[in-house]
Amino acid sequence: MGSLANGIGLPRGPTVPNGRVPLKPEFHDGLPPLPEIHSEALRLQVFTHRSFYARPTHVFEDMPDDPSPDNESLEHLGDTVLSLVVTGLLRDVYPCLRVGPSTKIRALVVGNPTLAWISVQYRLPERLRMHPAQAITLCASANIQADLFESFVGGLYLDQGLEAVKKWLHPLLRPFLAIAYRTVRVQHGLPPEPSYSTMAPPYYPDKASTPHAIGATAQPPQTWSTPPPPRMPASIGHLSLFNQHLQQQCKNVEWVYSDSAGEGTKTTPIWVVRAMVDGVCLGRGRGSTKKAARNEAAKEGLVKLGIAVPQLEGPFPV
């Protein structure tokens, strides 16, 4: 039987309560050793639940000479540090991962069920100081177990800095990332493992750094996501900006086309249009397509609405 700092016994290795399933990778050689927090004051604060001192929770700010001695502030800090470390590790391990899947993977790794499981493996709840009347309930709570792990991360960060936290968490969390990565791939309708390397290909931006023959022109890797060559002028975006501002003012625009006889050809006609808002013409435009004509009218309309439009150099792809 283990013992709490407040003297109440607790069985070793309590199970994580039911709910969302935690990630449980195999560590054949055990988890990486738990770092030691050198500061005795920080170490004591890490393992002190707010119920131990029963301080009121409605206080806006502690007095400078009497800061709160519990671990809530360390938990808040540790939550941020943990997210930073996991996000950075994700970029290292899966550099081509898009933001959406990356966010889902991170959520699985830093979710309370997984953090609670890690906390229990390190037997952190056995060291928690709390009010005796709440000991059984608090120690069995996955939320409290997860909060305690985040508190330890925050305490270690203040004690030894970010590099010490990374040195501990990187080898600890890599197996969790691998499980979460496969899980999210399946959620997206993909096989658990990709058929290609997840590492980004090397890119040599200039001749001096490329390993190819001297004089060869460095080119970025050509993939399906390479943007197409520029085809449209940079001024094509006025129409959407014009519509956006009218929608914000709860106004509708009526596009009135007029005769353009004698202009253009049968295969390439010229369109002439007016942008009418509440019976007032805000802009006129002409172009080889209806959209181009509306864009020119919108450009004039933005000026009358007093909307400053930045001048961008183009052309840009669409």
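Before going on, a word on what we're looking at. This is a predicted model, where local features need pLDDT of at least 70 and side-chain atom pairs count only at pLDDT 80 or more, while totals for chains, interfaces and linings use all residues. Residues are numbered from 1 along each chain as its sequence is written, and side-chain values use heavy atoms, with hydrogens and water left out.

Back to the strands. Strand β4, residues 271-277, pairs with β5 in the antiparallel sense over 7 bridges; two strands count as paired if DSSP finds at least two bridges between them. They're part of an open sheet of 3 strands, in the order β3-β4-β5, with antiparallel pairing. Which strands stand at the edges? Those are β3 (254-258) and β5 (280-287), each with a single partner strand, so one side of each has no neighbour in the sheet. On average, neighbouring strands here are turned by 25° against each other, direction ignored.

Now, what lies across this sheet? Helix α8, residues 238-248, lies across β3, β4 and β5 and runs at about 135° to β3. Helix α9, residues 290-304, also lies across β3, β4 and β5, running at about 140° to β5. For those angles, axes are lines fitted to C-alpha atoms, for helices over the stretch in contact, and angles go from 0 to 180 degrees between N-to-C directions.

Let's zoom out. The protein has 9 helices and 5 strands, where helices (H or I, at least four residues) and strands (E, at least two) are DSSP runs numbered from the N terminus. Along the sequence you read β-β-α-α-α-α-α-α-α-α-β-β-β-α. Of the 318 residues, 33% count as buried, and buried means under 20% relative accessible area, exposed over 50%, partly exposed in between, with a 1.4 Å probe and protein chains only. Take contacts, meaning heavy atoms within 4.5 Å: among those between residues at least 6 apart in sequence, 64% join residues at least 24 apart.

T48 is in the loop between α1 (40-46) and α2 (72-93). Is T48 buried or exposed? It's buried, at 0% relative accessibility. Its side chain makes a polar contact with the side chain of R129, at 2.9 Å. A polar contact is a pair of N or O atoms within 3.5 Å; within protein, one must be able to donate a hydrogen and the other to accept it, and residues adjacent in sequence count only if both atoms are side-chain atoms. Beyond four places in sequence, T48 also touches other residues, including Y53, P69 and L128.

Next, E75, in helix α2, is partly exposed at 21%. E75 and S151 are 76 residues apart in sequence, yet 3.8 Å apart in space, C-alpha to C-alpha. Leaving aside neighbours within four places, E75 is in contact with D147, E150 and S151.

What about helix α6, residues 142-160? At 1.5 Å a residue, its 19 residues should span 27 Å, and the end C-alpha atoms are 27 Å apart, which agrees; the expected span is 1.5 Å times one less than the number of residues. At its start, a side-chain oxygen of S141 reaches to within 3.3 Å of the backbone nitrogen of N143. Just after α6, G161 takes a positive phi of about 95°.

Last stop: R174, in helix α7 (residues 162-187), is partly exposed at 42%. Not counting residues up to four places away, R174 touches L89 and V93.
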